[in-house]
Structures are given as C-alpha cells and as structure tokens.
Amino acid sequence: MMNHKKLGNTELVISEIGLGTWNYTGGVDPLKEGIGQGANLIDTAEGYYNEDVVGDTVKGIRDKVIIATKVSGRHLGYEDVLWACEQSLKKLDTDYIDIYQVHWPNPSFPIKDTMEAMEKLVDEGVVQYVGVSNFSVNQLKEAQHFFPNYKIQSNQVRYNLNDREIEDDLLPYCLENSITVLAYTPLDSGTLSNTNTDSSDKIKVLNRIANKYNKTPGQVALNWCIRHENVVAIPKSNSVDRTIENCGSSGWYIADEDMAELNKAFQ
Ligand SMILES: NC(=O)c1ccc[n+]([C@@H]2O[C@H](COP(=O)([O-])OP(=O)(O)OC[C@H]3O[C@@H](n4cnc5c(N)ncnc54)[C@H](OP(=O)(O)O)[C@@H]3O)[C@@H](O)[C@H]2O)c1
C-alpha cells in the first residue's frame with residue numbers, strides 16, 4: 001500500500017513514490033498504472049516535451065492527480081515565466097498547476113523577477129504551490145526572500161544511495177524548514193535496480209537486504225530514499241511492470257539496522 005506525506009507545510013497529500021517523466025516514452029499506460037497503484041504525483045517539465053502525455057493521462061481524473069511541472073532555466077525572466085506557464089497549461093490541458101518548479105537556477109536572470117512572476121501565478125490561482133529544483137541552501141534562501149507572501153514548498157534534487165551530497169546541508173535545511181525534497185534519479189538511472197551484473201560489495205549488501213525483505217534491489221533503494229522524513233522519490237519507468245515494482249517501494253519499512261548497513265556500504 002502506498003504511503004503519503006504532506007507537501008512542505010501544506011495540507012496537500014502526496015504519495016511517497018511519484019512518477020518521473022524525463023526521457024519518458026511509455027505513453028499513458030505506465031502512468032495510469034502508477035496512479036492505480038496509489039502514486040498521485042506526476043513530475044514533468046516544459047523541457048521534457050511530454051506535458052501533453054501527462055495531460056492525456058489525467059483526463060477525467062485531474063482532481064485526483066498532483067501535477068508538478070517546471071519552467072526551464074532559460075525562461076526565468078518575469079514575462080518568460082508567465083508565458084512558459086501558459087504554454088504548460090495548454091499542453092497539460094488543464095487550468096491549474098499543483099506544483100510549479102523553477103527547473104534550474106540561472107544567474108543570467110535575477111531570481112527576484114522569477115519569484116515575482118511565481119507570486120503573480122499563485123495570486124491568480126493558476127499555480128497552487130511553488131517549488132524549485134537544483135537549488136542550494138543559499139539559492140533557496142535567496143528565492144524565498146523574493147517570495148515573501150508564500151512559501152517555497154519543495155526542492156527537487158538528485159538523491160539516491162550513490163549520490164548523497166544533499167545530506168551535508170541541503171537535506172537538514174529542508175527538514176528544518178518544512179520543505180519537501182523530491183528525490184530525482186532515485187534509482188541512479190537504473191544502476192540500483194539493474195544489479196545483476198554488478199558484483200561490487202555495496203551492491204551485494206543491497207541485494208542481501210532485498211532478499212531479506214523479499215523485495216527487489218530497486219525497491220530497497222527507493223525505500224531508503226523515502227525513509228527520510230521529508231523525502232519523496234520520483235523514479236521514471238516506461239514499463240507498466242517496472243512502474244508497479246517501483247510503487248511497491250512504499251508501504252513497508254527497512255529496519256534501522258539495515259538502514260545503517262546501507263548507509264555504511266554506500267558511504
Ligand atoms: N529536476 C531535474 O533536474 C531532474 C533531473 C533528472 C531527473 N528528474 C526527474 O526525476 C525522474 C527520475 O529520474 P531519472 O529518470 O533520471 O532516473 P531513475 O528514475 O533513477 O532511473 C530511470 C531508469 O531506470 C530504469 N528503471 C526504472 N524502474 C526500474 C525498475 N524497477 N527496474 C529496472 N530498471 C528500472 C528506467 O528504465 P525503463 O524506463 O525502461 O523502466 C530508466 O532507464 C525523471 O524522470 C524526472 O522526472 C529531474
């Protein structure tokens with residue numbers, strides 16, 4: 001069964017496993033299956049060129065699905081953000097975006113302009129909540145400074161057993177400030193789920209723990225991500241079966257001693 005978490009300090013309830021769509025070519029079926037498995041969050045972006053597929057997927061069930069999309073780093077000027085949002089709404093075939101994220105920080109555009117446009121979109125009700133992606137602690141603080149009337153509710157960053165850099169300062173900062181971390185590339189692009197030909201010591205530990213819980217290595221890798229209080233993982237799969245497998249990463253818990261062993265093996 002899928003577990004849920006609240007987005008940031010809001011009452012919006014999101015599934016611990018969301019559905020990523022970068023390089024997604026699976027059509028509507030895997031996404032629909034994911035929703036059927038309890039995943040109510042789909043992550044897309046104007047830069048993924050597949051918002052239309054997401055729109056097709058949620059037709060008739062729009063109010064049951066949380067759409068997180070992104071404005072590209074090259075569209076962060078005030079007017080550009082408003083324009084990009086309008087394009088996303090058209091492609092998604094919807095009149096609101098649940099979570100609108102700044103895809104990448106871009107020093108070529110003053111973040112003040114970007115956040116003022118975000119504020120206007122929230123004021124108008126076109127965007128429900130605002131998030132960022134690939135922002136450091138300082139970039140988060142700066143963006144929040146120019147967004148005084150609302151809160152940045154999420155930061156989407158790379159996080160998986162092999163990439164734990166955010167544990168130094170970003171993850172604790174987000175936890176302290178009730179910012180949800182949307183963990184992208186949570187399977188390390190498949191490295192943590194396709195473990196058959198990897199005989200490294202750390203993968204041996206992953207495989208052993210997977211056997212212990214009667215789960216797959218990928219499910220353990222995703223469960224490890226979402227064991228962190230404010231983290232939601234957004235794996236991508238083009239396949240219905242692998243989407244079902246990924247959704248099965250929620251609803252159970254790795255014991256503390258096994259978490260410790262994973263943390264040690266994947267230092
Ligand atoms: N904000 C950003 O800058 C940013 C950057 C990167 C990613 N993201 C988001 O995060 C999502 C996920 O990241 P990602 O796509 O980079 O990597 P990922 O989810 O870690 O891995 C995806 C790869 O793993 C394979 N896979 C998925 N489930 C599997 C399973 N159960 N067993 C075996 N293989 C499996 C997929 O192949 P199949 O499709 O063939 O199953 C695909 O090749 C993206 O789709 C996107 O929404 C955001």
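**View 1. Helices α7 and α8 pack against each other at an angle of about 95 degrees.** Here α7 meets helix α8 (residues 217-226), and their axes lie 8 Å apart. Axes are lines fitted to C-alpha atoms, for helices over the stretch in contact, and angles run from 0 to 180 degrees between N-to-C directions. The two helices, α7 and α8, are therefore roughly perpendicular to each other; angles of 65 to 115 degrees count as roughly perpendicular, under 35 as roughly parallel, over 145 as roughly antiparallel, and the rest as oblique. On the α7 side, Leu206, Asn207, Ile209, Ala210 and Tyr213 meet Pro217, Gln219, Val220 and Ala221 of α8. Contact is counted when the C-beta atoms of two residues, placed from the backbone, lie within 7 Å. Helices (H or I, at least four residues) and strands (E, at least two) are DSSP runs, numbered from the N terminus.

A word on what you are looking at: this is a predicted model, in which local features need pLDDT of at least 70 and side-chain atom pairs count only at pLDDT 80 or more, while totals for chains, interfaces and linings use all residues. Residues are numbered from 1 along each chain as its sequence is written.

**View 2. Helix α7 (residues 201-213) also meets helix α10 (residues 256-265).** Their axes come within 9 Å and cross at roughly 160 degrees. That makes α7 roughly antiparallel to α10. The crossing of α7 past α10 is left-handed, a term used if the near helix is turned anticlockwise from the far one by less than a right angle, with clockwise being right-handed. Look for Asp201, Lys202, Val205 and Ile209 in α7, which meet Asp258, Glu261, Leu262 and Ala265 in α10.

**View 3. Helices α1 and α9 pack at an angle of about 25 degrees.** Their axes are 9 Å apart, and α1 and α9 are therefore roughly parallel to each other. This crossing is right-handed. Asp29, Pro30, Glu33 and Gly34 of α1 make the contact with Val240, Thr243, Ile244 and Cys247 of α9.

**View 4. Ser237 sits in the loop between β10 (231-233) and α9 (240-247).** With 25 C-beta neighbours inside 10 Å, Ser237 counts as buried. A residue is buried if 20 or more other C-beta atoms lie within 10 Å of its own, exposed if 12 or fewer, and partly exposed in between, with C-beta atoms placed from the backbone. Leaving aside residues up to four places away in sequence, Ser237 touches Pro30, Arg242, Thr243 and Asn246. Thr25 is 212 residues from Ser237 in sequence, yet their C-alpha atoms are 8.8 Å apart in space.

**View 5. Helix α4 has buried residues at Ile111, Thr114, Met115, Ala117, Met118 and Leu121.** They cover an arc of only 155 degrees around the axis, which puts them on the same side of α4; the arc is that of the directions from the helix axis to the C-beta atoms. What covers these buried residues includes α3 (78-92), β6 (97-102), β7 (127-133) and α5 (137-145). After α4 comes Gly125, whose phi is positive, near 80 degrees.

**View 6. Asn23 and Ser189 are two loop residues to look up next.** Most residues other than glycine have a negative phi. Asn23, however, has a positive phi near 60 degrees, and Ser189 has a positive phi of about 60 degrees. Asn23 is in the loop between β3 (19-20) and α1 (28-36), and is exposed, with 10 other C-beta atoms within 10 Å. Ser189 lies in the loop between β9 (180-184) and α7; with 13 C-beta neighbours inside 10 Å, Ser189 counts as partly exposed.
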